[in-house]
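My entries follow the order in which I checked things.

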Amino acid sequence: MTTPDPWLAAGDLSYDDMGNLAFNALRIGRLLDVLGTLAEPVAPLRLLDAGCGTGWLTRALASFGHQVDGIDSATATVEACRGQSRADGRDHYAVSRLDTWAPSYLYDAVVSVDVLFLISQDSLWEASVVNLASLVRSGGRLVLADHNLAQDHPWGGRQVSRARRRYVDLLAAEGLVYRRSVPYEFRDSDAGFHVFDRIA
Amino acid sequence: MLIRELIIRHVGTDGALHERGIRLDQAQVPPGLRVHHDGDEAIPPVSGDLLLVAAPVGTGLREHVDTDLPVGTAVVLLLEVEVAELPVGRVLAALAVARLQVVEAAVVSGTPAATVAVVATRTDDLVAPQPYLAHDLEPGDHEGPAVLRRVLGEHTLEGLVQRARERALLAQVAEIGVRLGQVTAEREQFRADRQGLEATVRDLEVARRDADAERKAMMSLVEDLRKEADGARKEADAERKRMKSLRGSTSFKVASRLAGMSGTARRIIRRAGHWNARR
């Protein structure tokens, strides 16, 4: 394919371009189910796409009328995102790690897709999850993508999916309650979204 | 959000809809819902009912909010105002007097004018905030005072930060205003410069036109002179031909010889008489 498509810039290495196009479109649909469809452009929800990468999800969420921050630790990636940012100012990008992002406002929802299982160092993973949770306002939602597993599972030497229980226990201490896991249900993928709400 | 959606979210299971100051189109009323219009005074709201109230945002707002509603009734205030200009204090005061607690606020879609819906419930207790993202998918829950502590904490800190952020944004706006002024002045200067250049171009255009006219006149003159010269040349050629023809004629030759002979005779005569009157 010669025309770059914003949704093709990310996904799963085991799928081809068109596979990832379908995969990402489906994931956006699943995410809208989780985040709700009540976007109001004149009073938008404030969302965080933590580990935005190429910004495909940030831009997609912004296109539904939300105000979305995308953060990533890679400067070049963030610069590329800024180069593709929307004219209406609904997507905003910053260079930051997941465990250090601390804006002066809270988010209605924080989303992290295809990032946490890339953090192999446990302490950094934990600090990242806790920090993202701290950014969610009362009644707001935290959506973390990972495999829905009973035990931690390493993928080669560089990726680790954590057991769902670890997320639940870690976030309960932060005032967030586990709601459900939403599987992608795409081909053979057994990953999906863990959904948490802030109740305290 | 459509008014219809708000009704569905907040009316009780067996509740009725009471319209105040508004008459919904039938399509906006969820099917099967009992509706009581303005003037149906004989049917007071009961717990589970929903009052849909179109109210002004002016000082008369309080008069539109019933103060004797039974616990468990919900009120959806429809306020015709831009959401950024919602008079927060006035709305909260009107609801507080009626012991109504805000449970949701939304921008209404599908209305001709900008409208904000403020949803409140009549309660004597605290109603904990519900999850508001896709919250019809799961029931809300909370951990008693903990959620209140969190909300109060957010209220305090966000209140402080929002003031600062607003101040920072206003400073940015002011800075942009100054920059805009500078750019406007530069643009005006460019415009004046351009007008000056345009005037110069116009002058040059006039000068060019004058020069063109002069050049054309000169060309015309040159053309006339050329024609005149051609005429004279033709005349001279004709004369030359005539002369050539004349010189070639026998008469001319004879006359010429005679004239030559006459000269010789005169010279002979002059020498003979030493006549030298003219030299």
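The entries below take a helix pair and then the nonpolar cores of this predicted model.

Entry one, the helix pair. I looked up helix H4 (residues 122-134) of chain A and helix H5 (residues 164-172) of chain A, and found that their axes come within 10 Å and cross at roughly 50 degrees. I therefore noted H4(A) and H5(A) as oblique to each other, and I recorded their crossing as right-handed. On the H4(A) side I listed Asp122(A), Trp125(A), Glu126(A), Val129(A), Val130(A) and Ala133(A), which meet Arg166(A), Tyr167(A), Leu170(A) and Leu171(A) in H5(A).

Entry two, the largest nonpolar core. I found 28 residues in this core, of which Leu31(A), Leu35(A), Leu57(A), Tyr184(A) and Phe193(A) touch the most other members. Two or more residues each come from helix H1 (17-35), helix H2 (56-62), strand E4 (107-112), strand E5 (136-147) and strand E9 (191-198) of chain A, and H1(A) gives the most, with six residues.

I then followed Tyr184(A) and, leaving out residues up to four places away in sequence, noted contacts with Phe23(A), Leu26(A), Arg27(A), Arg30(A), Val113(A), Asp114(A), Ala145(A), Ser189(A), Ala191(A), Gly192(A) and Phe193(A).

Key. Residues are numbered from 1 along each chain as its sequence is written. Chains are lettered from A and ligands numbered from 1 in the order in which they are written. This is a predicted model: local features need pLDDT of at least 70, side-chain atom pairs count only at pLDDT 80 or more; totals for chains, interfaces and linings use all residues. Side-chain values use heavy atoms; hydrogens and water are left out. Axes are lines fitted to C-alpha atoms, for helices over the stretch in contact, and angles run from 0 to 180 degrees between N-to-C directions. Helices (H or I, at least four residues) and strands (E, at least two) are DSSP runs, numbered from the N terminus. Angles under 35 degrees count as roughly parallel, over 145 as roughly antiparallel, 65 to 115 as roughly perpendicular and the rest as oblique. A crossing is left-handed if the near helix is turned anticlockwise from the far one by less than a right angle, and right-handed if clockwise. Contact means heavy atoms within 4.5 Å. A nonpolar core is a set of buried Ala, Val, Leu, Ile, Met, Phe, Trp, Tyr and Cys residues joined through side-chain atoms within 4.5 Å. Buried means under 20% relative accessible area, exposed over 50%, partly exposed in between (1.4 Å probe, protein chains only).
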